[in-house]
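Here's a quick briefing to read alongside the sequence and the 3D view.

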Amino acid sequence: PLLTVFIALQDILPGMGPTSFLPRSHTAATHAAYNDSVPARDELLQQSSSVAALLRSGDVALFDSRTMHCGGANDAVEGDTRVLLYLSFRNPRATEAIGNVGSMLPSIPSTTLRELRAKLSRGTTGTDPFDDAQEAESILRSLRLAAAQGDARSQLQLGTHYYLGEGGVGDVNPIEAVRWFERAADQGLAHAQFNLGFCYSVGMGVTEVDVERATELFLKAAEQGHPGAREAYDEARG
């Protein structure tokens, strides 16, 4: 659901303490082993292979953000600072908490690659290319209309906007998110069933945690082949 790129703005040499990655460490099992205990963590690190991101200026390291990685120490003699451009790309359909809030500057909203490409292609001389207020209002009006008319995918998207506090709906609103997820789920949309199941499993936007309801929804989504729903179903059953 989240990819990150490091773009080297200079040559990254061994003495600079380049980022080290543990390949194939993005899995839940690896993270569970790392967090189990200090001895288990140490054993995992000792047995895992690692790759140092030695990059030439302009090279890019692209990785699943769940992959374990860390910066190294600068060499006492040959050490120096590293200059990198760091970007994260989130799957816009991902609604689970994945530890990314967009820009560190709250004044800069999240944007999709399609939106950014469209803004730059139109030319923005004298205007802010990231000011999408008018466009967002138009899109949101159309989305609300389609959702109200019963379009399940629009209902899912509107619920996702409320869940994330994006798309021009204002702050995060779990209650509204659940309302729209419920409507889409009632129409059999697997991703809406999965999202609604998650909300019930953690008590978000609903009156209380309802594991039985969550399990039912996860199963419905899993039967339609939703990725992750089977695992969520098994976890909900305990």
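Buried residues account for 30% of the chain's 238 residues. Keep in mind that this is a predicted model. The chain carries nine helices and six strands. As for contacts with a separation of 6 or more, 66% of them in the chain link residues 24 or more positions apart.

**The α5/α6 pair**

- Helix α5 covers residues 152-164 and helix α6 covers residues 174-186; the two pack with their axes 8 Å apart, at an angle of about 160°.
- Since anything over 145 degrees counts as roughly antiparallel, that angle makes α5 roughly antiparallel to α6.
- The crossing of α5 past α6 is left-handed.
- On the α5 side, the contact uses A152, Q155, L156, L158, G159, T160, Y162 and Y163; on the α6 side, you'll find E176, A177, W180, F181, R183 and A184.
- Sort the residues of that α5 contact with α6 by type and you get nine nonpolar, three polar and two charged.

**A look at D64**

- D64 sits in strand β4, which runs over residues 60-64.
- Is D64 buried or exposed? With a relative accessible area of 19%, D64 is buried, because the cut-off for that label is under 20%.
- The D64 side chain makes a polar contact with the side chain of R66, at 2.7 Å.
- Setting aside neighbours within four places in sequence, D64 is in contact with L2, L3 and H26.

Notes. Residues are numbered from 1 along each chain as its sequence is written. This is a predicted model: local features need pLDDT of at least 70, side-chain atom pairs count only at pLDDT 80 or more; totals for chains, interfaces and linings use all residues. Side-chain values use heavy atoms; hydrogens and water are left out. Axes are lines fitted to C-alpha atoms, for helices over the stretch in contact, and angles run from 0 to 180 degrees between N-to-C directions. Helices (H or I, at least four residues) and strands (E, at least two) are DSSP runs, numbered from the N terminus. Angles under 35 degrees count as roughly parallel, over 145 as roughly antiparallel, 65 to 115 as roughly perpendicular and the rest as oblique. A crossing is left-handed if the near helix is turned anticlockwise from the far one by less than a right angle, and right-handed if clockwise. Contact means heavy atoms within 4.5 Å. Ala, Val, Leu, Ile, Met, Phe, Trp, Tyr, Cys and Pro count as nonpolar, Asp, Glu, Lys and Arg as charged, and the others, Gly among them, as polar. Buried means under 20% relative accessible area, exposed over 50%, partly exposed in between (1.4 Å probe, protein chains only). A polar contact is a pair of N or O atoms within 3.5 Å; within protein, one must be able to donate a hydrogen and the other to accept it, and residues adjacent in sequence count only if both atoms are side-chain atoms.
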